[in-house]
Amino acid sequence: MQWTLVIPLKPLMRAKSRLAPAAGDALRPGLALAFAQDTVAAAAACARVGDVVVVTDDERAGAALSALGARILPDSPGAGLNAALAHGAAAVRAWHPTTPIAALNADLPALRPAELAEVLATAGAFPRAFLPDAAGIGTTFLAAGPGRELRPAFGGASRARHTASGAVELSPAGVDSVRQDVDTGEDLRAALALGVGPHTARATAGLLLVD
């Protein structure tokens, strides 16, 4: 199966606010863009991915991610993360009615194509499925098979909400890069330890994270 991934990205000037104490406020937009670039590049290189759709109104991010092969969809709802994902999923269904869809966080700078392929292969066995984040509280990935609604409930304790919605929790081994999103300085250290992509590596070169 060839999947279409939907990746939401808020305007860079408002992104990654929780990173400010560790990395400084001035660096946040560039770090958010670097995370998204490495996420999109790895997703596009995954053998099970046929298309990557980024939902964003940020012109700088749109241009950079389009150059990596992503299709850019304006965030016309402008009503937050889940509304953007629902909008993206609806657009994908209009273009490709029978394709399986997966929502993926934009802040997975250590993402490995092979690990994403493993998650997608596992998700393909279920009508809806999700992958919890490294902290075990949130969600980094939510999948819906052909003909199924995505029903995203990201943000905060989304693991519990996705479970309550009937989505199956996935637990494949060796997919740490798909689970390691970055919201805080501690998260960024963990992603750097896994090994980040080239955009994040450049953006964090010489960066001294404050505890």
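Asp38 lies in helix H2. In this predicted model, the residue has a relative accessibility of 4% and therefore counts as buried, the cut-off being under 20%. Setting aside neighbours within four places in sequence, Asp38 contacts Pro109, Gly197, Pro198, His199 and Thr200. Pro109 is 71 residues away from Asp38 along the chain, yet the two C-alpha atoms are separated by 5.2 Å.

Helix H2 itself spans residues 28-44. The helix lies across strands S1, S2 and S4. Its direction makes an angle of about 155° with S2, which covers residues 49-55.

These strands belong to an open sheet of 7 strands. The order across the sheet is S3-S2-S1-S4-S6-S5-S7, and the pairing is mixed. Strand S3 (71-73) forms one edge and strand S7 (168-169) the other, each pairing on one side only. Strands of a sheet pair through backbone hydrogen bonds, in either a parallel or an antiparallel manner. Strands S1 (residues 3-8) and S4 (residues 101-104) run parallel and are joined by 3 bridges. Within this pairing, Leu5 has Ala102 of S4 as its bridge partner.

The largest nonpolar core comprises 37 residues, and Leu5, Leu104, Leu116, Leu120 and Phe141 have the most contacts inside it. Two or more residues of this core come from each of S1, H2, S2, helix H3 (59-66), S4, helix H5 (113-123), strand S5 (128-132) and strand S6 (139-144). H2 is the leading contributor, with 6 residues. In soluble globular proteins, nonpolar side chains tend to be buried together.

Phe141 illustrates the packing. Not counting residues up to four places away in sequence, Phe141 touches Ala102, Ala103 and Leu104, as well as Val119, Leu120 and Ala123.

The structure holds 0 aromatic pairs. A charge does, however, sit over a ring: the charged end of Arg71 is placed over the ring of Trp95, at 4.2 Å from its centre.

Note on methods:
Residues are numbered from 1 along each chain as its sequence is written. This is a predicted model: local features need pLDDT of at least 70, side-chain atom pairs count only at pLDDT 80 or more; totals for chains, interfaces and linings use all residues. Side-chain values use heavy atoms; hydrogens and water are left out. Two strands pair if DSSP finds at least two bridges between them. Helices (H or I, at least four residues) and strands (E, at least two) are DSSP runs, numbered from the N terminus. Contact means heavy atoms within 4.5 Å. Axes are lines fitted to C-alpha atoms, for helices over the stretch in contact, and angles run from 0 to 180 degrees between N-to-C directions. A nonpolar core is a set of buried Ala, Val, Leu, Ile, Met, Phe, Trp, Tyr and Cys residues joined through side-chain atoms within 4.5 Å. Buried means under 20% relative accessible area, exposed over 50%, partly exposed in between (1.4 Å probe, protein chains only). Rings of Phe, Tyr and Trp (its six-membered ring) pair if their centres lie within 6.5 Å; planes under 30 degrees apart count as stacked, over 60 as edge-to-face and the rest as tilted. A charge sits over a ring if NZ of Lys or CZ of Arg is within 6 Å of the ring centre and within 35 degrees of the ring normal.
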